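Here is a protein chain to explore together. Take a look at the sequence and the structure first, then read on.

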Amino acid sequence: DNSYVNNVELKLPTGGPGDSYLLFIADAHIGLLESDETNNVLARQIRITAPDLMVADGAAPSEAVWLETIPVSWTVMNQGDGAATGNWIDAVRLSTDESLGADDIHLGDIWLPNQTLAVDHSYVNNLDVKLPTAGPGDYYLLFIADAHNGLLESDETNNVLARQIRIP
């Protein structure tokens with residue numbers, strides 16, 4: 001009886017988190033004539049985890065004037081079942097509504113290179129942003145975690161938090 005061991009580093013394809021199977025296959029291309037071809041596959045279940053960044057809180061003045069520089073801050077938390085590891089960008093935008101859209105005005109980004117955020121941990125972004133010129137009214141500051149979708153997350157729908165700001 002002889003055997004051998006293959007050690008291979010694998011990069012899992014993108015996809016959602018959850019339970020999956022790794023299939024270990026001997027003679028995968030059926031290159032050998034064997035007395036039993038039914039015992040060439042071994043399945044092992046693995047759990048694939050993913051982070052879930054969410055904006056837990058955001059702070060800014062409730063009122064400001066055009067061309068004023070204001071301090072803003074927002075808390076980003078990983079509520080997923082896996083660590084967030086990699087590079088991502090958090091951002092703040094000015095919007096006429098509470099939803100992120102193409103017509104929102106970019107106010108600033110925070111680049112987060114080579115980060116690791118463990119499950120149930122958080123960090124706070126602080127940024128001074130200059131308000132552009134537009135008409136008076138009620139607007140929204142949109143605080144965004146992973147603004148450019150640099151991370152594969154279990155939930156991408158909770159990355160934005162809106163806070164109202166009045167500009168007289």
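A quick word on ground rules. This is a predicted model, in which local features need pLDDT of at least 70 and side-chain atom pairs count only at pLDDT 80 or more, while totals for chains, interfaces and linings use all residues. Residues are numbered from 1 along each chain as its sequence is written, and side-chain values use heavy atoms, with hydrogens and water left out.

**The whole chain**

So what is this chain built from? The protein chain has 9 strands and 0 helices. Both kinds of element are DSSP runs numbered from the N terminus, where a helix (H or I) needs at least four residues and a strand (E) at least two. Reading along the sequence, you get β-β-β-β-β-β-β-β-β.

How does the chain's radius of gyration sit beside that of a compact globule of 168 residues? The chain has 24 Å, whereas such a globule would be near 15 Å. The radius is taken over C-alpha atoms, and the globule rule is 2.2 Å times the number of residues to the power 0.38. Along the principal axes, the C-alpha atoms fill a box of roughly 85 × 25 × 20 Å.

Of the 168 residues, 34% count as buried. Buried means under 20% relative accessible area, exposed means over 50%, and partly exposed is in between (1.4 Å probe, protein chains only).

**The cores**

A nonpolar core is a set of buried Ala, Val, Leu, Ile, Met, Phe, Trp, Tyr and Cys residues joined through side-chain atoms within 4.5 Å. The largest one has 27 residues, and those with the most contacts inside it include Leu-53, Trp-74, Trp-88 and Ile-165. Elements giving two or more residues to this core include β3 (53-59), β4 (69-78) and β9 (160-167). Another core, of 5 residues, lies apart from it, with Ala-91 and Tyr-140 among them.

**A few single residues**

| Residue | Relative accessible area | Class |
|---|---|---|
| Glu-63 | 48% | partly exposed |
| Asn-39 | 52% | exposed |
| Ser-73 | 19% | buried |
| Ile-30 | 61% | exposed |
| Asp-146 | 2% | buried |

Start with Glu-63, in the loop between β3 and β4. Leaving out residues up to four places away in sequence, Glu-63 touches Ile-165, Arg-166 and Pro-168. The C-alpha atoms of Glu-63 and Tyr-140 are separated by 11 Å, though the two are 77 residues apart along the chain.

Ser-73 is found in strand β4. With the sequence neighbours up to four places away left out, Ser-73 touches several residues, including Asp-57, Val-124 and Phe-143.

The loop between β1 and β2 holds Ile-30 as well as Asn-39. Ile-30 has a phi near 50°, a positive value in a residue other than glycine. Asp-146 also has a phi near 50°, and Asp-146 lies in the loop between β8 and β9.

Definitions and conventions. Contact = heavy atoms within 4.5 Å.
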